[in-house]
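Let's walk through this model together, strand by strand. Keep the sequence and the 3D view open as you read.

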Amino acid sequence: MSNALLKGNTGDWEMVIGLEVHAQVLTKSKLFSGASADFGGAPNAQVSPVDAGMPGMLPVINKECVSKAVRTGLGLNATINNVSIFERKNYFYPDLPQGYQISQYQHPIVGNGEIEIDLPDGTVKKIGIERLHLEQDAGKSLHDQHPQKSYVDLNRSGNPLMEIVSKPDMRTAEEAGAYVTKLRAIVRYLGTCDGNMDEGSMRCDVNVSVRKPGDPLGTRCEIKNVNSVRFVQQAIEYEARRQIELIEGGGKITQETRLFDTKNGTTRSMRSKEDAHDYRYFPDPDLLPLTVDNAFIENIRKTMPELPDAKKKRFVETFGLSAYDAGVLVSEKERAEYFEIAAKGHDPKLAANWVITELLGALNKAEKELKDSPVSAEALGELVGLISNNTISGRIAKEVFAEMFGTGKNPGDIVKDRGLQQVTDTGAIEKLVAEVVRDNADKVAEYKGGKDKLFGFFVGQVLKKSGGKANPGMVNDLLKKKLEE
Amino acid sequence: MSIDKNTVGKIARLARIKVSEEEKEVLSGQLSSILKMIEELNAVNTDGVEPLTSVVQMQMYEREDKVTDGAIPDKILTNAPEQTAGFFVVPKVVE
């Protein structure tokens, strides 16, 4: 990005941003226990004695978490480590009954990788991945139910998380937003995380520091638990400004953990966690090293789906879509699948237009998700076909689409029932043309006197007379012929 | 390496263990001598030796992804000093 620098009183500043994204592995049960990992159960109803930190309980790892972590690693173009180690990260909090979180520290399951992010100006930037490791989630504390008490629900305790750590490669809030969006698309394509930020299946910790361009890295602050792309960007903008003002005012940044306040878009210090960074990691004696052999990794590699970048490239190259349209279509897996079905056997560019402009527009307006669309991909494809083979005009197609969206009927039936077939019979159109020319003798005279612009008026009149059903190309040709007589 | 009284105090705070000034004195001596004994192991050359993670050569057991546990909220809450509507209730822990 060219305009990445922030203006301060002492000159330009550059932001340096790194993200830690916690993505819940899509599984039925927890990382180390057989309790359900579903969202939204009754409080403490999805807790095994392991998750409650009962003495003598032993963690047993969930196979599915291992293979999905490897799968995600491959999707991030990262190295997979054949041996990784679980360690205990020690701290006290009421929603952490064990007194430690089982995590991976020095030896994560996935090492260095790289993904590409798409920026709004159409450019692509590579962002390094530092690592991905498996760890347990903590329980959930509710602080707003009682004036002096906190309520604790352990359902989330022990849920499987992948912590995906980026390199500090981002320089603008926009890049950070694009990174989270791409990461979310990748895990959703892979089926390793549902990417549902509202339910907390994906949460971000944002590391921000500022420096004068060319200087070494500044001291960073970590903003915890930011749970939407928009909030990530807001938190970064606010935090960078705060740091610049502090430094320019003669202050010094202290490395600390901060909270993002979604109500006023600011960040504030979490002073109570001063000591908390001394986690005293050590290898968990309950767990052997996790080993994944190359055959296991290669088997997973064989089942890798086409990822967003590859799909985008294919849409551009084989369907002739613009990079922008292709990007819009691949940003959600379901959207790309819908498009491919709608485009099957039809004009792909026209199908892309209809999906992006009409369908997504209508869904947006009706506040519906694509999966709840009243118009199936097959039906939209059929509509595109009807336009391509001149059965209906684009204008009529919009009417048909509105009815499809409202009633779920298929386009062929709507066109037949309402008699919307385009008139392509030369004789019929000639008759309408003649009528229009006869009824507007004054305008015809003006036209012949040099007022060329009136041609559009005549076309409009003929189309109107036909109820929008006359083929516009033919109307044009026949009108021209008639007016030249 | 020796452990001074301040370090004992810090470790005790992190572990949420209350330790008196006299106890700190005693513990600082004891912890220091334990570390000194461990440090004797540094005399052994361990270049090229893999860390021993288990005395038997075995792989970590991995279970299938099935729900086999949980759904026992009453049992989970049995030891809770206070509970409401299925939640553990604790003193407020947020500022």
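Buried here means under 20% relative accessible area, while exposed means over 50% and partly exposed lies in between, with a 1.4 Å probe and protein chains only. Strands are DSSP runs (E, at least two residues), as are helices (H or I, at least four residues), and both are numbered from the N terminus.

Before going further, a word on the ground rules. This is a predicted model, in which local features need pLDDT of at least 70 and side-chain atom pairs count only at pLDDT 80 or more, whereas totals for chains, interfaces and linings use all residues. Residues are numbered from 1 along each chain as its sequence is written, chains are lettered from A and ligands numbered from 1 in the order in which they are written, and side-chain values use heavy atoms, leaving out hydrogens and water.

Now, which strands flank β10(A)? Follow the sheet order β9(A)-β10(A)-β3(B)-β2(B), an open, antiparallel arrangement of four strands. Its edges are β9 of chain A and β2 (83–84) of chain B, each of which pairs on one side only. Two strands count as paired if DSSP finds at least two bridges between them. In general, strands of a sheet pair through backbone hydrogen bonds, either parallel or antiparallel.

On one side of β10(A), strand β9 (residues 140–142) of chain A pairs with it in the antiparallel sense over three bridges. You can find Lys140(A) opposite Asp153(A), and Ser141(A) opposite Val152(A). A hairpin of six residues joins β9(A) to β10(A). Turn next to the partner from chain B: strand β3 (residues 87–91) pairs with β10(A) over four bridges, also antiparallel. Here Val152(A) stands opposite Phe88(B).

Elsewhere in chain A, strand β7 (residues 113–118) and strand β8 (residues 124–136) are antiparallel partners with six bridges. Asp118(A) has Val124(A) as its bridge partner. Five residues lie between these strands in their hairpin, and among them Gly122(A) takes a positive phi near 90°. β8(A) is also joined by seven bridges to strand β11 (residues 160–166) of chain A, again antiparallel, with Arg131(A) opposite Val165(A).

Another open sheet in chain A has three strands in the order β6-β5-β16, with antiparallel pairing. Its edge strands, β6 (100–104) and β16 (282–283), each pair on one side only. Two bridges link β5 (residues 86–90) to β16(A), and Glu87(A) stands opposite Pro283(A).

Stepping back, chain A is divided into domain 1 (19–208 + 276–300), domain 2 (308–418) and domain 3 (426–483), with bounds from an automatic or database domain assignment. The C-alpha centres of domain 1 and domain 3 lie 67 Å apart.

Finally, look at chain B, whose three helices and three strands run α-α-β-α-β-β from the N terminus on. A compact globule of 95 residues would have a radius of gyration near 12 Å, but chain B has 23 Å; the radius is taken over C-alpha atoms, and the globule rule is 2.2 Å times the number of residues to the power 0.38. Buried residues make up 22% of chain B.
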